[in-house]
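Trainee: Walk me through this one, please. Keep it quick.

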Amino acid sequence: MVDGKWLMVDSVAESQHPARPRRSAGGKATSEVVVSAHTGGNSDVFPVVIGLYVRNGATVADVTYGQGVFWRKVEPERYRVLASDLQTGVDCRALPYADDSIDAVVLDPPYMEGLHRRAQGHMAGSGTHGAFRARYSNGRALVTPGAPKYHDAVLALYFDAGREAQRVLKPGGVLIVKCQDEVSANRQRLTHVEIINRYAALDLRCEDLFVVVRPNRPAVSRLERQVHARKNHSYFLVFVKHPLASKKRRSPAKIKQSSQRE
Ligand SMILES: C[S@@+](CC[C@H](N)C(=O)[O-])C[C@H]1O[C@@H](n2cnc3c(N)ncnc32)[C@H](O)[C@@H]1O
């Protein structure tokens, strides 16, 4: 790392944008740049995020595909999309892909707001944390004493799925994660910060952050006294897998053997 950057990632980023010219002092001035904050829906913002970070023709595993809303405005020929979801029998914590085989992974598990998305046609459940755990943990969490609950159950899914995404991603591959902060048990939980910190320990470096602002005002509910700001924004986080992460995962003996062969 130099100045907080992985040198090889910069070259990976260049190679992931083959159509994009290298920056040069002579570049022309333009206001047509990709910006970090957007008012709109996921189907408006996701194409912007993936368009900037994932090269045409890449193999992309969307491991919480749901209704495929993210992909509605992405040109169908642009990527090779491997769509899976718990509802179709594939748990994002145990993917059917080989190590280091996928260019990009998209992850959008239910966050708390997601528990109430049924009205919008999503497959995410609705109701209590118990329902959440029953629906999204293969029932294991309900019978395991001490299993995470409430906000920690949401985080546990992000963390386990992040570890699995890291396994299947090629070195230098891209992970796009959708999340939202929440107030849980009267505590402000900055989910995006918790995910970024945990993923850093998995050799997934946060490369970018996009803010999605809902175009509509949140419904007015009866309040005696408002304590926290009502959230009307969520995030797309972009992570890059460390170029040497796979070598680090292998045992020192295996690394020695393979470097002797190289
Ligand atoms: C917020 S929705 C995803 C919406 C999706 N991005 C779209 O564009 O339509 C969350 C999805 O995560 C799925 N899910 C929940 N737990 C899962 C798990 N352990 N493995 C895979 N998918 C899971 C749910 O079935 C649901 O479809």
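**Sheet, helices and loops**

Trainee: What is the bridge partner of isoleucine 176 in S9?
Mentor: Valine 238 in S9 is the bridge partner of isoleucine 176. Helices (H or I, at least four residues) and strands (E, at least two) are DSSP runs, numbered from the N terminus.

Trainee: What kind of model is this?
Mentor: It is a predicted model: local features need pLDDT of at least 70, side-chain atom pairs count only at pLDDT 80 or more, and totals for chains, interfaces and linings use all residues. Residues are numbered from 1 along each chain as its sequence is written, and side-chain values use heavy atoms, with hydrogens and water left out.

Trainee: Back to S9. In which sense do S5 and S9 pair?
Mentor: Antiparallel. Strand S5 (residues 169–179) and S9 share 6 bridges. Two strands count as paired if DSSP finds at least two bridges between them.

Trainee: What holds strands of a sheet together as pairs?
Mentor: Backbone hydrogen bonds, in either parallel or antiparallel pairing.

Trainee: How many residues of S9 are buried?
Mentor: 8 of the 9 residues in S9 (233–241) are buried, so the strand is largely enclosed by the rest of the structure. Buried means under 20% relative accessible area, exposed over 50%, and partly exposed in between (1.4 Å probe, protein chains only).

Trainee: Zoom out. What is the strand order of the open sheet?
Mentor: S1-S8-S9-S5-S4-S2-S3. That is 7 strands, with mixed pairing. The edge strands are S1 (37–39) and S3 (80–83), and each pairs on one side only. From one strand to the next, the twist averages 20°.

Trainee: Which way do S1 and S8 pair, parallel or antiparallel?
Mentor: Parallel, over 3 bridges. Alanine 37 has valine 211 in S8 as its bridge partner.

Trainee: What about S2 and S4, how many bridges join them?
Mentor: 3 bridges. S2 (residues 59–62) and S4 (residues 102–107) run parallel. Valine 60 faces alanine 104 in S4.

Trainee: Helices now. Which strands does H2 lie across?
Mentor: H2 (residues 42–53) lies across S1, S2, S4, S5, S8 and S9, at about 150° to S8. H6 lies across S4, S5, S8 and S9, at about 10° to S9. Axes are lines fitted to C-alpha atoms, for helices over the stretch in contact, and angles run from 0 to 180 degrees between N-to-C directions.

Trainee: At what angle do H5 and H6 pack?
Mentor: About 35°, with axes 10 Å apart; H5 is residues 151–168 and H6 is residues 191–200.

Trainee: Which residues of H5 and H6 meet there?
Mentor: His151, Leu155, Tyr158, Phe159, Gly162 and Arg163 come from H5, and Thr191, Glu194, Ile195, Arg198 and Tyr199 from H6. Contact means heavy atoms within 4.5 Å.

Trainee: How covered is H5?
Mentor: Mostly: 13 of its 18 residues are buried. H5 reaches 26 Å from its first C-alpha to its last, close to the 26 Å expected at 1.5 Å a residue. The expected span is 1.5 Å times one less than the number of residues.

Trainee: Switching to loops. Where does tyrosine 150 lie?
Mentor: In the loop between H4 (140–143) and H5. Tyrosine 150 counts as partly exposed because its relative accessibility is 43%.

Trainee: And alanine 185, what is its phi?
Mentor: Near 50°, also positive in a residue other than glycine. Alanine 185 sits in the loop between S6 (182–184) and S7 (187–189). Alanine 185 is exposed, at 72% relative accessible area.

Trainee: What is tyrosine 65 in contact with?
Mentor: Trp71, Ala83, Ser84 and Asp85, leaving aside neighbours within four places in sequence. Tyrosine 65 is in the loop between S2 and S3. At 29% relative accessibility, tyrosine 65 is partly exposed.

Trainee: Last one. What does the secondary structure of the chain come to?
Mentor: 8 helices and 9 strands. Of the 262 residues in the chain, 44% are buried.
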